[in-house]
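Please find below a set of numbered notes to be read alongside the model.

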Number of protein chains: 2
Amino acid sequence: MPENIESVKILRLTIDGAEETLDDAVIVESPLTIMLNGQELVTLLCSPANARYLGVGYLFSEGLIINRDEIKQVTVDDRKGVVRVNTFEEKSQLAGEVYKRVITTGCGRGVSFYSFADLQQEFKTESKVKYSVESVFRLLKDFQELSDTFRLTGGVHSAALCSNEKIVVYANDVGRHNAIDSIVGRCVLDDIPTSDCVMITSGRISSEILIKVARKNIPVLVSRTAPTNIGVRLAKQTGMTLIGFARGQRMNIYANDWRISRKTSGSA
Amino acid sequence: MPENIESVKILRLTIDGAEETLDDAVIVESPLTIMLNGQELVTLLCSPANARYLGVGYLFSEGLIINRDEIKQVTVDDRKGVVRVNTFEEKSQLAGEVYKRVITTGCGRGVSFYSFADLQQEFKTESKVKYSVESVFRLLKDFQELSDTFRLTGGVHSAALCSNEKIVVYANDVGRHNAIDSIVGRCVLDDIPTSDCVMITSGRISSEILIKVARKNIPVLVSRTAPTNIGVRLAKQTGMTLIGFARGQRMNIYANDWRISRKTSGSA
């Protein structure tokens with residue numbers, strides 16, 4: 001059993017009166033405290049496997065780290081559930097900002113940044129990449145096959161960064177934000193280029209998910225489920241291609257469909 | 001079209017090469033700033049309909065308001081997206097605390113309160129209420145029938161507070177936390193008793209969802225999807241009955257199944 005799964009005893013009842021005691025798997029939720037230059041920033045509840053990448057990805061998504069060169073050291077204390085990130089320069093002023101944020105969609109980890117006008121300017125994607133509709137369906141199929149934890153427990157979100165050919169980075173986490181931040185963190189730390197990639201997520205596309213992906217300059221975002229109205233608006237404004245309800249047989253394109261080329265028309 | 005739905009143009013592609021432009025509905029995400037005694041606490045991204053109840057419910061869930069008698073006035077400015085709650089006593093010290101919190105499950109609105117030992121003591125439910133398995137399935141059916149927005153957009157979470165007979169309070173929101181906080185806020189403001197009720201949610205049961213429901217002293221929590229391991233542990237510790245994957249034909253009981261009486265056995 002992987003470390004992010006725990007076995008529990010359950011009682012299963014059916015509508016016709018049957019009952020059965022059995023072992024079931026639930027997803028593990030574990031606290032991870034992120035420290036930046038010795039200052040405690042936040043404690044996330046997340047899946048235990050991704051501490052290093054999640055810590056860096058969270059800082060990137062909050063705008064506290066812009067690129068890898070700023071990072072002096074990343075250390076993880078698994079026992080205590082702490083990831084410590086040290087940068088070459090002090091970040092104390094910026095770190096204070098992280099608490100003045102919007103708490104997002106009930107859920108919502110919050111964006112320190114919430115001026116849509118600024119956003120549009122700063123995170124506009126210039127990528128001219130195109131994906132065939134067949135390659136998007138193929139990537140979705142690969143994504144589903146990897147999402148074993150999801151099938152086992154129903155309590156986890158998955159995300160994947162993909163090139164035209166294949167899944168490049170994959171993550172599972174109890175939180176849809178964490179899964180994406182883990183991928184972003186890995187791309188930052190390992191210098192993985194993202195500017196012509198697709199991000200696939202199992203979760204909803206609220207504004208803050210869209211902002212995370214736009215901030216890492218990823219031009220195509222695909223979800224198995226729905227976007228919100230602000231998610232759609234931000235995709236249009238930043239030039240991102242936004243696809244929802246992508247589930248194997250069909251997909252809905254909400255913005256910039258020209259990046260998805262079709263057999264007949266090439267681009268609409 | 002209800003105010004929490006917006007129409008957008010989409011391009012729908014299918015795996016066999018068909019394409020179609022059509023109007024689709026997406027859920028509206030709207031900022032709501034919560035002010036307590038003139039102090040700006042937080043801005044949530046939420047569905048626009050629930051401002052008054054959501055504001056009060058958020059403050060209750062964060063431990064900043066304990067009961068209705070503390071509340072002097074609640075005013076909503078729909079145009080600006082602000083709810084102002086004033087209490088008879090100052091809460092400035094407590095309000096400072098709200099920012100020192102755990103950010104939960106990636107998602108995660110955060111709990112100001114995160115000592116499980118304390119939690120167990122403070123929020124233990126004493127309710128001896130029992131629900132027949134048939135009545136839980138019936139409430140689930142009613143819940144599904146109400147969740148029209150969900151069927152329309154796929155981007156919304158629903159929650160319902162139920163008695164043995166029927167749904168008493170129902171809410172839809174773009175965030176699973178907000179849907180529950182809205183119900184909690186309505187119960188606080190309208191003095192609706194909850195201590196023998198069932199809460200049904202469309203969303204996952206992470207620790208902070210369980211804590212919200214335990215804090216309002218609701219003894220039975222039912223989800224259409226999965227709990228996390230900490231969700232299960234806290235249910236056991238607080239004496240709550242926790243049911244997951246409740247989807248019309250069957251349900252899994254993770255803790256305190258004695259509150260669900262069955263035809264044959266009465267209680268296990």
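1. Which are the buried residues of α4(A)? They are A:Val133, A:Ser135, A:Val136, A:Phe137, A:Leu139, A:Leu140 and A:Phe143, where buried means under 20% relative accessible area, exposed over 50% and partly exposed in between, with a 1.4 Å probe and protein chains only. An α-helix has 3.6 residues a turn, so residues three or four places apart point the same way. Helix α4 of chain A covers residues 133-146, and its 14 residues should span 20 Å at 1.5 Å a residue, which agrees with the 20 Å between its end C-alpha atoms; the expected span is 1.5 Å times one less than the number of residues.

2. On provenance, this is a predicted model, in which local features need pLDDT of at least 70 and side-chain atom pairs count only at pLDDT 80 or more, while totals for chains, interfaces and linings use all residues. Residues are numbered from 1 along each chain as its sequence is written, chains are lettered from A and ligands numbered from 1 in the order in which they are written, and side-chain values use heavy atoms, with hydrogens and water left out.

3. Chain A holds eight helices and 15 strands, taken as DSSP runs numbered from the N terminus (helices H or I, at least four residues; strands E, at least two). Of its 268 residues, 61% are buried, and chain A exposes about 10400 Å², with carbon and sulfur atoms supplying 48% of that area, as computed by the Shrake-Rupley method with a 1.4 Å probe, only the protein chains shown counting as cover for residues. Among the contacts (heavy atoms within 4.5 Å) in chain A with a separation of 6 or more, 51% are accounted for by residues 24 or more positions apart.

4. Two salt bridges within chain A deserve a look, a salt bridge being a side-chain nitrogen of Lys or Arg within 4 Å of a carboxyl oxygen of Asp or Glu. A:Glu145 and A:Lys141 meet at 3.4 Å, N to O, and, being four residues apart in helix α4 of chain A, they are separated by about one helical turn; A:Glu145 is partly exposed at 48% relative accessibility, whereas A:Lys141 is exposed at 54%. A:Arg176 and A:Glu208 meet in a salt bridge at 3.7 Å, N to O. A:Arg176 lies in helix α6 (residues 176-189) and A:Glu208 in helix α7 (residues 207-215) of chain A, so this pair ties together parts that are 32 residues apart in sequence, and both residues are buried.

5. The same surface serves both copies, since 100% of the contact residues of chain B recur in chain A.

6. The contact takes 67 residues from each of chain B and chain A, and about 5400 Å² is buried between them, 56% of it given by carbon and sulfur atoms; this is the accessible area (1.4 Å probe) that two parts lose on being put together, summed over both. Four salt bridges are counted between the chains, including B:Glu19 with A:Arg262 at 3.1 Å, N to O.
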